[in-house]
Amino acid sequence: MALHPLCAEEIEQIRSQLQELQLEHRDLDQVIEHLQTHPPCDELLLRRIKKRKLALKDRIRLLEEMLIPDIPA
């Protein structure tokens, strides 16, 4: 994916960001569960949280792919 190999510092930054995003993703899971199990539920808030969670999932996947070295075909 990257045009040049990542240096150790870049890899560490990506891993750090990845951990932060994974933590936020898990936190949003807990918030969603709480909202769904404790009515009344604010549907707009729930939709916004789920949308944020999906965006985090996409960003996490992108960062994970950056950490996988390219394999020549």
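Ile 49 lies in helix 2, where helices (H or I, at least four residues) are DSSP runs numbered from the N terminus. The structure is a predicted model, in which local features need pLDDT of at least 70 and side-chain atom pairs count only at pLDDT 80 or more, while totals for chains, interfaces and linings use all residues. Residues are numbered from 1 along each chain as its sequence is written, and side-chain values use heavy atoms, with hydrogens and water left out.

With a relative accessible area of 11%, Ile 49 is buried; the term buried denotes under 20% relative accessible area, exposed over 50%, and partly exposed in between (1.4 Å probe, protein chains only). Leaving aside neighbours within four places in sequence, Ile 49 is in contact with Leu 28, Val 31, Ile 32 and Leu 35, contact being heavy atoms within 4.5 Å. Ile 49 and Pro 5 are separated by 44 residues in sequence and by 35 Å in space, C-alpha to C-alpha.

Helix 2 spans residues 43–67 and has 25 residues. From its first C-alpha to its last, helix 2 reaches 36 Å, close to the 36 Å expected at 1.5 Å a residue; the expected span is 1.5 Å times one less than the number of residues. Besides Ile 49, the buried residues of helix 2 are Leu 46, Leu 56, Ile 60 and Leu 63. The cover over the buried residues of helix 2 includes helix 1 (8–37).

Glu 33 is found in helix 1. At 52% relative accessibility, Glu 33 counts as exposed. Between Glu 33 and Glu 65 there are 32 residues in sequence and 29 Å in space, C-alpha to C-alpha.

The loop between helix 1 and helix 2 contains Pro 40. The peptide bond from Pro 39 to Pro 40 is cis, with omega near 0°. At the start of helix 2, a side-chain oxygen of Asp 42 comes to within 3.2 Å of the backbone nitrogen of Leu 44.

A disulfide is a covalent bond between the sulfur atoms of two cysteines. Under the criterion of a pair of cysteine sulfur atoms within 2.5 Å, the count of disulfides is zero.

Terms used: Helix = DSSP H or I, 4+ residues; strand = E, 2+ residues; numbered from the N terminus. Polar contact = N/O pair within 3.5 Å; in protein donor to acceptor, adjacent residues only side chain to side chain.
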